[in-house]
Amino acid sequence: MEALLGGFAVTLSFDNLFYCFVGVLLGTIVGILPGLGPLTTIAILLPITFKMEVTSAIIMLSGIYYGVAYGGTVTSVLMRIPGEASSVVTCLDGYEMARKGRAGAALGIAGIGSFFAGTVGVIGITFLSPPLAELVVAFGPAEYAMLMLAGLTMVTYMSAGSLPRALLMAAFGLLLGTIGSDPMNMTPRLTFGIMALGDGVNLVPLAIGLFGLSEVLFMARQTAEEMKILPAPTGVMGFLPSREEARRSVAPVMRGTVLGFLVGLLPGGGAVLASFLSYAMERKLSKHPEEFGKGAVEGLAGPESANNAGTAGAFVPLLCMGIPANAITALLLGAFIIHGVTPGPTILERQPQIFWGVVASMYIGNVMLLILNLPLIGLFVRILQIPRAYLTPMILAVCLIGVYSSSGNPADVLIAVIFGFVGYGLRRHGFDLGIVILAYVLGPIFERSVRQSLAISDGDPMIFLHSYLSAGFAIVAVALLIAGLWPARKKKAA
Amino acid sequence: MLRRTVFKGGTALAAMTVAGPAIAQSAKWPSREISLINPNAPGASTDLTARIIASALEKRLNATVIVKNVVGGAGALGPTTLAQSAPDGHTIGLVAISSHIAVPNMMNVTYDPWKAFDIIGQVAALRYGIGARADGPIKSIEDLIAQGKQKQLTYSSNNVTNVVAMFQLAKLTGAKLRWVVFPGGVESVTAAIGGHVDAVIQTVTEMRPQIEAGKLRLLASAAQARWPDYPDVKTLREMGYDAGSNGPFGYALPAGVDPAIKDRLEKALADVMKDETVTKQISNLGIEAIYRNGKDYGELLKKIEIELVPILKETGMAKKPA
């Protein structure tokens, strides 16, 4: 506790407050712009930090990272363009809320939920870091394989329509995930000699195509009459959720926070997985599962909290073990190392002021983000007052620029356009696109872990039950599958 | 293909009419920003090094040098883009084992690695080491070999470049060592300290935090020399095994750049590598800051190719002959 107060003393210097603010502001902006992700931004800013004091540098770069989880919501809710991969789920119900005229409330709930989850996540870092970091090491290939299997059974919970349709979409997502280099011997697979596919279909063009561009196509088909259906947002204070909305958000925010933090700890999973799992869980627990996909508050509040808590969770293995949970924390690790600081078990002994300074800055940064984001909501929702005839081409442009800026690869823009048409076709026939993304994200991790496990065990499948953790996840996966199929059967019987 | 040829012809024609003789071109160089193509993602050790080098080159060339992460095609997109870019001195790019040996031997690419580039120099080399879980049964390289003769052992690593030393060690001693591929270096190290695999071969950068924490035991340096941070740990060669992994990287121009420009770039890079603040920043990454000129670096890559190609074939990674 004393150490944390020392950390606040570090952060509350004028310089560090300034860098913290710059970081979260940039994070918000980057989050709002689709495609341009935290990875690119942090990489570009890295050389600038060479001359800065190390704590200030890390405070600023971290601010960008967790700030993004706030900003990513905006375009998902207003335009159905996932600003970040972890905001894909928000497109499902957040956008539908906006279509019902609740855009302000959706952003408000997301903002407050994000603040709550972000802050609780930092409290988690403060008190639980060392023991949780040990847990991360216990995850080997077999444990991952079973965890991903459990994640994949979530498909049965995410579908609005029939189970066969959900499975078809899951198969489609898995197939997309197999494109690229074989995870073991690196030989190109299903690339048809096209170099752009050598690393597979990237998530950004896929998500923006399926969600953003398909929506543009839908809008293009609407008549002038239909376009007016979207109600104008309410006044400046319209971000306040109604009593009913607030009441229904509380439990999902709590659950999303805990789930997000735990999943965020694990390398490879992170915020994307956390948001999907939260969505699936809320749908299963909801008293109104039929509202999901049509603007259910729970489907927004849970995942939005989960992705912020997941962002915080990723800091635990980074700071305590020197293990980055994803590409962005890997870059932060690089930033630490360039500045001559080695994150890991020794950081608390050798450089406690850096550790606690960064943690303290995250408390302050989250408050800054809340103050920064809530007043802006009034401004953001006015975007919806732009006539659709002008808004639609703008969305199209934002999508395409976003895809291009994510990788700088023109082929990705083409891929996004293709998936725009694919997404349009699938949605017209009532298929659920969230499942495609879920299977696409989890499938490759599952495949790789299974193959690693079997290489270790010399082909013996018992390795998947070798530890309590992997056996536990295997049981959870089976239980989830049975529970997921149960009600469907009952309905048929009735 | 045809379109590219036409395009290139067009550029050449434009260059002749507009820029005039080559001397004029080199006098004007650099006339705009210089792009440095890196085929790895932001945050990779090559990327961090590139950013250090880029900002040091800026002062010497009086031009903006931007790092472009051209990531994709399983590492093929970066060198392919470099090979196809205009040879006007405004594009340079990373060349390493991946661009010259691994990628061309594993997939069909449109460039010939030994003809498409003019190498300007090497800036760094990754330093490899073999490690095992600190409280595990393997305490030394001798343990690793002895136990590998009893039963199948596994080790983690994320890249075919890294594992050369392990393949050589297995061949020399007859120990059964199986490579389990992990997606990243830190994941490999984590798998070893978690006891999921028996050993790991990765770079200093990835292993050091866990060695310092006492969770990972460094068994041997798999590089050409001992690690400066752990001077007591011997190299494999010092232990009597003729094995080692190489991880050099440096930069090249697309072939056909005005020799005067190439000369200035090569000198600027050599000067950068004499700058102690630069070499110290690179060493901080756990990478060896080592300079070779273009010619010597090209010869080093040729030498490594002879070691690596048989391993690519053995692991099934080499492309099938067309």
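Reply: In chain B, six strands form an open sheet with mixed pairing, in the order β2-β1-β3-β10-β4-β11. This is a predicted model, in which local features need pLDDT of at least 70 and side-chain atom pairs count only at pLDDT 80 or more, while totals for chains, interfaces and linings use all residues. Residues are numbered from 1 along each chain as its sequence is written, and chains are lettered from A and ligands numbered from 1 in the order in which they are written.

Some terms come first. Strands (E, at least two residues) and helices (H or I, at least four residues) are DSSP runs, numbered from the N terminus. Two strands pair if DSSP finds at least two bridges between them. Strands of a sheet pair through backbone hydrogen bonds, either parallel or antiparallel.

The edge strands of the sheet are β2 (65-69) and β11 (287-293) of chain B, each of which pairs on one side only. From one strand to the next, the twist averages 25°.

Strand β3 (residues 91-96) of chain B has five of its six residues buried, so it is largely enclosed by the rest of the structure. A residue is buried if 20 or more other C-beta atoms lie within 10 Å of its own, exposed if 12 or fewer, and partly exposed in between, with C-beta atoms placed from the backbone. Strand β1 (residues 34-38) of chain B runs parallel to β3(B), and three bridges join them. Along this pairing, S35(B) stands opposite T91(B), and I37(B) has G93(B) as its bridge partner. β3(B) is also joined to strand β10 (residues 248-254) of chain B, by four bridges, and these two run antiparallel. There V95(B) is partnered by G250(B) in β10(B).

Axes are lines fitted to C-alpha atoms, for helices over the stretch in contact, and angles run from 0 to 180 degrees between N-to-C directions.

Now for the domains. Chain B is assigned domain 1 (2-126 + 247-314) and domain 2 (128-221); such bounds come from an automatic or database domain assignment. Taken over C-alpha atoms, the centres of domain 1 and domain 2 of chain B are separated by 32 Å. In chain B, 12 residues of domain 1 are in contact with nine residues of domain 2, where contact means that C-beta atoms, placed from the backbone, lie within 7 Å. On the domain 1 side, α5 (97-106) and α12 (294-314) of chain B are the elements that give two or more residues. α12(B) gives the most to that side, with four residues. The residues of the domain 1 side divide into eight nonpolar, three polar and one charged. Here Ala, Val, Leu, Ile, Met, Phe, Trp, Tyr, Cys and Pro count as nonpolar, Asp, Glu, Lys and Arg as charged, and the others, Gly among them, as polar.

Strand β5 (residues 128-133) of chain B pairs with β8(B) in the antiparallel sense over four bridges, with Y128(B) opposite T203(B). Strand β6 (residues 153-157) of chain B pairs with β8(B) in the parallel sense over two bridges, and V200(B) is the bridge partner of S156(B).

Methods:
Contact = placed C-beta atoms within 7 Å.
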